[in-house]
Amino acid sequence: MSLSEVAIIGVGLHPFGRYPGKSALEMGEDAVFDALTDAGIEWSDVQELYAGSMEIKNPEAIVGLLGLTGVPGRAVFTGCATGATSLAMAANSIKLGEHDITIAVGLDKHERGAFAAHPSVSGLPDWYGEAGLFLTTHFFGMKINRYMHDFGITPQTLAKVSAKAMRNGARNPLAWRRKELSEEEILNSQILNYPLTQYMYCGPDEGAAAVVLCRADKAHLYTETPVFLRASTLRSRREGAFELLSPSLPLDTVPSPTVDASKEAYEIAGIGPSDVDVIQLQDTDAGSEIIHMAENGFCADGEQEKLIAEGETEISGRLPINTDGGLLANGEPVGASGLRQIFELVNQLRGRSGDRQIRDAKVGYAQLYGAPGTAAVTILST
């Protein structure tokens with residue numbers, strides 16, 4: 001059985017944001033029951049669970065809230081790629097013939113501010129942290145600064161990316177940030193790591209998302225609008241790639257793991273970038289979205305300046321990117337973020353995204369990227 005014989009029949013989302021007094025597991029419970037309702041099934045119908053989280057030690061403990069049915073539950077964590085990994089594992093269980101219905105859920109509850117830890121947890125020397133390099137904000141600022149120099153990207157284009165995210169978020173009733181910001185407001189906000197300002201970064205927050213999968217040949221029993229999983233890939237960095245948690249800049253470079261994951265996904269799905277109708281890219285910051293446009297094959301390096309200026313990445317454009325506002329408008333509870341992408345793509349492919357709907361959307365593309373230099377790509381279709 002191939003991945004194309006696995007269908008998504010239900011999705012659920014606990015809106016991202018700040019929820020004092022509500023645990024990550026409780027948010028995950030809400031997302032799961034929303035997904036089950038969407039799929040038209042009961043929790044007792046689920047035969048395997050994959051739960052992803054950064055902050056929660058045993059996210060599979062969510063079964064204590066959902067119901068103690070004896071269902072196999074496994075914890076998943078691959079950094080920012082966690083959502084894609086949990087989805088792939090739930091799909092592979094079906095693909096291997098072990099189960100007919102599985103579920104992937106992601107949940108997290110992060111404190112305010114940048115993620116902090118000792119470099120030793122990632123096998124890095126003390127000086128890496130003492131120099132400030134263990135801050136992801138610092139890495140993303142350095143990376144886009146060099147990219148702008150090499151390929152002629154201007155600060156105005158960074159602001160356009162953030163402004164688009166806020167506009168899309170304002171049209172998304174489930175987004176965290178729903179206030180539009182002008183390019184001038186974004187450019188004039190506090191610089192955090194040059195050239196990136198406050199509103200060019202996403203923020204860690206709280207939330208959950210869930211996806212129900214089943215054998216494609218049984219999907220018609222539950223929904224008239226199944227969405228099929230065409231490809232799911234995960235790659236780590238190769239020697240010579242300058243990525244998150246790299247302690248040095250290599251003299252001889254190789255492509256990002258995103259490039260590797262993207263090429264593999266296109267090959268598995270049997271399509272190319274021109275076949276994609278709606279796109280979700282990891283926009284930890286505005287610069288990341290720009291870089292990922294090229295890494296995923298949607299343009300050449302440097303073409304982003306013109307494409308973005310002409311509105312091609314808007315909901316009305318040829319390359320609609322992050323139609324729900326992406327990370328910039330929704331924030332990033334790490335374990336849930338990738339499944340939020342799937343939630344948006346499934347709704348787009350089913351034609352139920354309201355005034356954010358992409359006309360005749362048939363193929364959706366999602367990319368994740370994060371520490372320690374890991375990337376995942378998922379391709380869906382009707």
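Is Glu183 buried, partly exposed or exposed, at 25% relative accessibility? Glu183 counts as partly exposed, because its relative accessibility is 25% and the class "partly exposed" falls between buried (under 20% relative accessible area) and exposed (over 50%), computed with a 1.4 Å probe on protein chains only. The structure is a predicted model, in which local features need pLDDT of at least 70 and side-chain atom pairs count only at pLDDT 80 or more, while totals for chains, interfaces and linings use all residues. Residues are numbered from 1 along each chain as its sequence is written, and side-chain values use heavy atoms, with hydrogens and water left out.

Glu183 takes part in a salt bridge with Lys160, at 3.4 Å from N to O; a salt bridge is defined as a side-chain nitrogen of Lys or Arg within 4 Å of a carboxyl oxygen of Asp or Glu. The two partners are 23 residues apart, with Lys160 in helix α6 (residues 155-170) and Glu183 in helix α7 (residues 183-188), and the pair thus links distant parts of the chain. Helices (H or I, at least four residues) and strands (E, at least two) are DSSP runs numbered from the N terminus. Lys160 is likewise partly exposed, at 27% relative accessibility.

In total, the structure holds 22 salt bridges. One of them joins Asp100 to Lys218, with the closest N and O atoms 2.9 Å apart. Asp100 lies in the loop between α3 (82-95) and β4 (101-109), and Lys218 in the loop between β7 (206-215) and β8 (227-236), so this pair ties together parts that are 118 residues apart in sequence. Asp100 is partly exposed at 23% relative accessibility, and Lys218 is partly exposed with a relative accessible area of 29%. A further salt bridge is formed by the side chains of Asp360 and Arg359 (3.8 Å, N to O), and both of these residues are exposed. Through shared partners, salt bridges join Asp100, Arg215, Asp217 and Lys218 into one network.

Pockets were identified on a 1 Å grid over the protein atoms alone, a pocket being an open set of points where a 1.4 Å probe fits, with protein on both sides within 12 Å along at least five of seven lines; lining residues have an atom within 4 Å of a point. Grid points are joined across faces, edges and corners, and a volume is the space filled by probe spheres set on the points. The largest pocket contains about 1000 Å³ of space. Its lining comprises 40 residues, with Gly113, Ala114, Phe115, Thr136 and Pro204 nearest the centre. Two or more lining residues come from each of α5 (136-151) and β10 (363-370), and α5 gives the most, with three. The lining has 22 nonpolar, eleven polar and seven charged residues, where Ala, Val, Leu, Ile, Met, Phe, Trp, Tyr, Cys and Pro count as nonpolar, Asp, Glu, Lys and Arg as charged, and the others, Gly among them, as polar.

The second largest pocket holds about 580 Å³ of space. Of its 20 lining residues, Lys143, Tyr147, Phe242, Thr253 and Glu295 are closest to the centre. Helix α5 gives the most to this lining, with six residues, and α9 (286-295) supplies at least two.

Gln341 is located in helix α12 (residues 334-349) and is buried, at 2% relative accessibility. Beyond its neighbours within four places in sequence, Gln341 is in contact with Gln280, Leu281, Gln282, Ala366, Gln367 and Leu368, contact meaning heavy atoms within 4.5 Å.
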